[in-house]
Amino acid sequence: MEKRPYYINVETGEILPIKTVSTFQFEISASDEDVRHLERKFSELDSTANDTFVRSHLPYVPYSNDSDNDRYDEKLREAYQMIHDLGQEETRRFIESMSFWNPEKPQDLEKRPKD
């Protein structure tokens, strides 16, 4: 199958065929089938995000002890895995630098030398 460039905005779940239409975070090379699969991933992610909305209003249920949040995190990792696999070199490098991708990397930004 023929692959073409697409531009991804994870926050909005957009998969754009034209670079200048909207803002994007990642560039991938994907077939029509790949795009449909990624669209399903974003749809699943959106659905699980709605489930987490209820929990966010229940202060006695901690984030780390909630299966809805676990499902959301897993769907987000799946979407990023697919973007990584289809991504350009710069896209892959950036995703690999993210703390959720590499659990041994500190969650906060690396400490920079003080001026």
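Student: In this predicted model, which residues does Asn9 touch, not counting residues up to four places away in sequence?
Tutor: Asn9 lies in strand β1, which covers residues 4-9. Leaving out residues up to four places away in sequence, its contacts are Glu14, Thr23, Phe24 and Gln25.

Student: Is Asn9 buried or exposed?
Tutor: Buried means under 20% relative accessible area. Asn9 has a relative accessibility of 5%, so Asn9 counts as buried.

Student: Which backbone nitrogen does the side chain of Asn9 reach?
Tutor: Asn9 is in strand β1. At 3.2 Å, its side chain reaches the backbone nitrogen of Thr12.

Student: How many residues apart are Lys75 and Glu44?
Tutor: Lys75 and Glu44 form a salt bridge, with their closest N and O atoms 3.2 Å apart. The pair links distant parts of the chain: Lys75 sits in helix α2 (residues 67-86) and Glu44 in helix α1 (residues 32-55), and their separation is 31 residues.

Student: Why are Arg92 and Glu89 separated by about one helical turn?
Tutor: The two residues form a salt bridge, the closest N and O atoms being 2.7 Å apart. Both are in helix α3 (residues 89-97), and they are about one helical turn apart because their separation is 3 residues.

Student: Glu89 also forms a salt bridge with Arg93; how far apart are the closest N and O atoms?
Tutor: Glu89 and Arg93 both lie in helix α3, 4 residues apart, about one turn of the helix. For this salt bridge, the closest N and O atoms are apart by 3.7 Å.

Key. Residues are numbered from 1 along each chain as its sequence is written. This is a predicted model: local features need pLDDT of at least 70, side-chain atom pairs count only at pLDDT 80 or more; totals for chains, interfaces and linings use all residues. Side-chain values use heavy atoms; hydrogens and water are left out. Helices (H or I, at least four residues) and strands (E, at least two) are DSSP runs, numbered from the N terminus. Buried means under 20% relative accessible area, exposed over 50%, partly exposed in between (1.4 Å probe, protein chains only). A polar contact is a pair of N or O atoms within 3.5 Å; within protein, one must be able to donate a hydrogen and the other to accept it, and residues adjacent in sequence count only if both atoms are side-chain atoms. Contact means heavy atoms within 4.5 Å. A salt bridge is a side-chain nitrogen of Lys or Arg within 4 Å of a carboxyl oxygen of Asp or Glu.
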